[in-house]
Amino acid sequence: MPPKRKASDIGSARASKISTPNPATPVSLRSEDNDEYLSGSNNQSDQDYVSGSEQEHINRFKKKTAFSSYSSKAKTNRARPSIFGSKDFSYLSLKPDHDNRPLWIDPSVSAGSKKGPKITLESFSPLAAQAEDFLITVAEPQSRPIYLHEYRLTEHSLYAALSVGLSGQDIIRTLEKLSKTPLPTTVSDFINRHTKSYGKVRLVLRDNRFFVESEEPTIIQMLLKDPVIESCRKEGAEVVQGTLANKAVVISGTSDARGARQTADQPGQNTEAPKEGRETKEDEIMKALRDEDDEEDPSKQTHSFEIGPNTREKVAERCLDIGYPALSEYDYQNDRVNPDLKIDLKPHTQIRSYQEKALSKMFGNGRAKSGIIVLPCGAGKTLVGITAGCTIRKGIIVLCTSAMSVFQWSNEFKKWSDVNSGDVAVFTSGEKEKFRGQTGVIVSTYSMISQTRQRAHDSEEMMKWITSREWGLMILDEVHVVPAAIFRKVAENVRAHCKLGLTATLLREDDKITDLNYIIGPKLYEANWMELADQGHIAKVQCAEVWCPMTIEFYQEYQSLSSRKQALLYIMNPTKFQVCQFLIDYHERRGDKIIVFSDNVFALKQYAEKLKKAYIFGGTGQQERIRILENFQHNDAVNTIFLSKIGDTSLDLPEATCLIQISSHYGSRRQEAQRLGRILRAKRRNDEGFNAFFYSLVSKDTSEMGYSAKRQAFLVDQGYAFKVITQLSGMESLPGLAFKTLEERLELLNHVLLQQETNADIANIEQIDEDLFSGRSGALNSHGKKKALVRRQAGSLADLAGGGQMAYKEQNVSRNKQLKKDRGPQSEYFKKEARARERRRKARQKEQADAAGVD
DNA sequence: TAGAAGGGAA
DNA sequence: CGGACTCCCTTCTA
């Protein structure tokens with residue numbers, strides 16, 4: 001255990017070392033020679049600075065240095081005021097007992113922004129656990145390494161906090177209590193601004209129709225004046241008045257009564273042993289803070305208007321935009337319209353503490369809220385979904401990304417709950433079942449539901465059946481895919497009272513992830529991976545990045561190539577291959593099961609064939625896949641498999657304990673996290689001192705390094721430390737090490753370049769034909785850029801690699817055309833590409849024709 | 001069972 | 001900011 005450093009220690013240590021320039025007169029002190037700040041004492045500025053009491057002096061130091069650990073820029077000892085820039089908060093005074101308070105709160109909030117203040121938690125503080133429970137309720141975790149956790153208050157995180165029953169005042173009060181400085185007014189303003197209009201508008205589903213509802217007629221009027229919302233109002237629909245239905249039943253209970261009711265609904269939770277700290281500190285905070293004044297008058301009038309079909313999402317988005325988030329909470333206990341489903345957790349089913357915590361966010365006030373729960377892979381997302389279903393006990397629809405997970409879900413339902421197997425139906429292209437009873441569980445895929453093209457007859461029937469009913473709960477597995485244009489239609493097509501999104505990695509490389517806030521709902525819970533690992537729910541992982549130097553011949557070629565062609569070179573770097581071979585050998589001898597990932601199929605095959613291991617990629621047949629996976633799982637002789645991107649999502653991988661990544665898709669953080677997730681569920685995690693291993697092989701001094709850093713960002717935020725390995729001892733002496741001689745390496749280089757050339761060559765031919773056909777000379781594309789025509793570097797190749805053995809000879813264009821005609825069986829890929837190109841060309845022509853027609 | 005078609009990720 | 005790139009998925013049809 002490393003020593004726990006307190007901010008105060010840091011502060012005083014630095015105070016004795018560095019000089020203290022006066023922040024008020026930084027210009028005069030900013031000499032060209034920075035050393036002035038580091039060595040010797042600058043008495044003059046010291047004098048200026050110590051204007052108040054000695055205590056104040058120290059306080060300022062503490063504050064300044066602690067805030068400097070805030071910003072990653074300030075890692076050096078060069079603690080100059082200028083480096084704080086706008087982040088110089090020395091004007092805030094510290095509370096006398098600030099050592100005992102765990103939070104630093106950044107007061108800078110830009111007006112009107114939805115992003116609120118940043119909060120930094122000292123995780124070594126005695127109050128950290130309590131503060132963390134509070135923070136995951138009200139803020140979004142940004143980064144959680146070992147000592148300092150960063151959170152951020154956002155509009156959405158505040159909404160989520162309010163929906164579990166906190167009020168704006170509660171949040172302000174608790175922050176004030178935990179903060180080292182008095183709570184800046186900018187922060188309390190931000191909280192007030194975003195909490196005052198919360199809960200005024202509801203979006204309710206009644207009789208399979210959507211209504212916007214509020215208790216205040218003025219708000220309804222205000223919404224109707226908004227052009228966007230007005231346009232979504234169903235034609236001719238008037239504002240109708242009603243009374244809140246039976247709210248008294250729900251609200252009457254105190255939080256204790258509610259707890260009792262909930263556990264009565266979920267016997268599984270009841271049997272959960274208290275050893276994992278059921279009564280969390282968070283609960284205590286919640287109890288202490290919960291406003292008891294949310295008792296609603298059951299006779300309250302409501303005003304509502306109906307909105308047109310398929311406008312729900314638009315209305316929700318607009319309401320959020322104008323600061324009146326439309327809640328859609330489902331009062332499932334008082335739903336007398338939809339038939340109940342007989343489903344309960346089996347008695348032996350145990351819910352883990354964090355799963356329960358997640359669910360308590362969802363059912364916080366006795367109603368079911370829509371939202372997203374983020375749990376790492378292998379932490380039992382399915383069980384969370386099933387438990388939610390067992391609580392609501394109405395019709396359940398589950399959507400997943402692939403047909404395979406459809407069957408997994410349906411099996412999990414039968415495994416963990418006592419639902420009649422006749423009540424669980426699956427809907428995929430292969431099987432179309434309906435449940436026999438009035439209601440039940442249906443499991444399907446996103447693409448089945450969002451299919452726009454013509455459907456087979458029975459599929460059509462099935463869709464009608466699904467869309468014509470109201471669902472109590474819609475579970476969206478792998479919810480991060482939903483923002484894609486096609487999948488988000490699902491939320492419209494299927495009408496559900498409550499939507500629960502589940503994912504391990506709530507991030508995308510595009511900016512659509514925030515759309516989930518109105519498509520589904522806010523993030524309700526996000527687990528701390530490190531904490532789960534410490535508790536033994538998921539495996540502990542040692543992450544390492546291995547830097548493999550490029551061999552000279554490869555690096556020379558690398559530098560001479562265009563960036564696109566460089567990729568294959570750094571993937572096929574012989575040193576990388578040797579490292580891979582060494583690691584496989586090492587871990588196989590330890591008895592690990594190893595998965596090697598490569599995004600590049602060519603490299604995948606080369607590596608696997610050279611090392612004589614099995615590999616699976618998109619083109620591998622179904623039978624073959626199953627055979628390989630089964631061998632990997634049960635046959636002790638098969639300990640290593642190579643997988644392409646196919647392993648990221650669509651394979652049900654057996655457990656592995658070691659993972660090696662030799663090439664990856666640019667900077668995808670999601671992919672990195674997902675791959676790591678493949679080893680998190682390793683069973684041996686309960687052994688003393690057991691670790692799983694995650695290696696990322698990177699070619700040194702290539703663009704791969706940059707991608708690698710970006711990919712790791714998410715995992716680093718989760719608290720994983722990446723070790724950098726530059727030297728593997730004993731690698732050189734490994735028997736049978738590949739590519740030891742220059743000849744071998746040159747041969748490999750040759751092979752790689754040849755592969756590239758063939759690839760590029762065919763593409764170029766296609767390009768020429770296309771240009772000929774479209775009557776253009778190929779000189780310019782629509783952007784006015786020069787299009788790449790046939791360009792080759794035959795000279796450099798021959799020089800480098802002893803071109804005598806080369807199978808490739810340069811051909812002129814007409815010869816290429818001839819070749820194209822004579823070309824034997826094309827690879828599947830090129831056929832597909834040709835089709836895609838053809839499609840694109842047609843689309844372009846059509847566009848041009850259309851444009852001409854308009855003119 | 002393969003292939004055609006549409007689509008996603010980044 | 002939109003397209004090129006490359007791999008992958010799913011559905012339906014022949």
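Chain A contains 37 helices and 25 strands, where helices (H or I, at least four residues) and strands (E, at least two) are DSSP runs numbered from the N terminus. The structure is a predicted model, in which local features need pLDDT of at least 70, side-chain atom pairs count only at pLDDT 80 or more, and totals for chains, interfaces and linings use all residues. Side-chain values use heavy atoms, without hydrogens and water.

Of the 855 residues of chain A, 52% are buried (under 20% relative accessible area, 1.4 Å probe, protein chains only). Among contacts (heavy atoms within 4.5 Å) in chain A with a separation of 6 or more, 76% are between residues 24 or more positions apart.

The largest nonpolar core has 98 residues, of which Leu-153 and Leu-175 touch the most other members. Such a core is a set of buried Ala, Val, Leu, Ile, Met, Phe, Trp, Tyr and Cys residues joined through side-chain atoms within 4.5 Å. Neighbours within four places in sequence aside, the contacts of Leu-153 include Lys-115, Pro-117, Val-138, Leu-175 and Phe-190. A second, separate core of 51 residues includes Val-212, Ala-316, Cys-319 and Met-474.

Helix H17 spans residues 312-321, and its buried residues are Arg-312, Glu-313, Val-315, Ala-316, Cys-319 and Leu-320. These residues lie on the same side of H17 because they cover an arc of only 165° around the axis, taken from the directions from the helix axis to the C-beta atoms. An α-helix has 3.6 residues a turn, so residues three or four places apart point the same way. After H17 comes Gly-323, with a positive phi near 85°.

How values were computed:
Residues are numbered from 1 along each chain as its sequence is written. Chains are lettered from A and ligands numbered from 1 in the order in which they are written. Buried means under 20% relative accessible area, exposed over 50%, partly exposed in between (1.4 Å probe, protein chains only).
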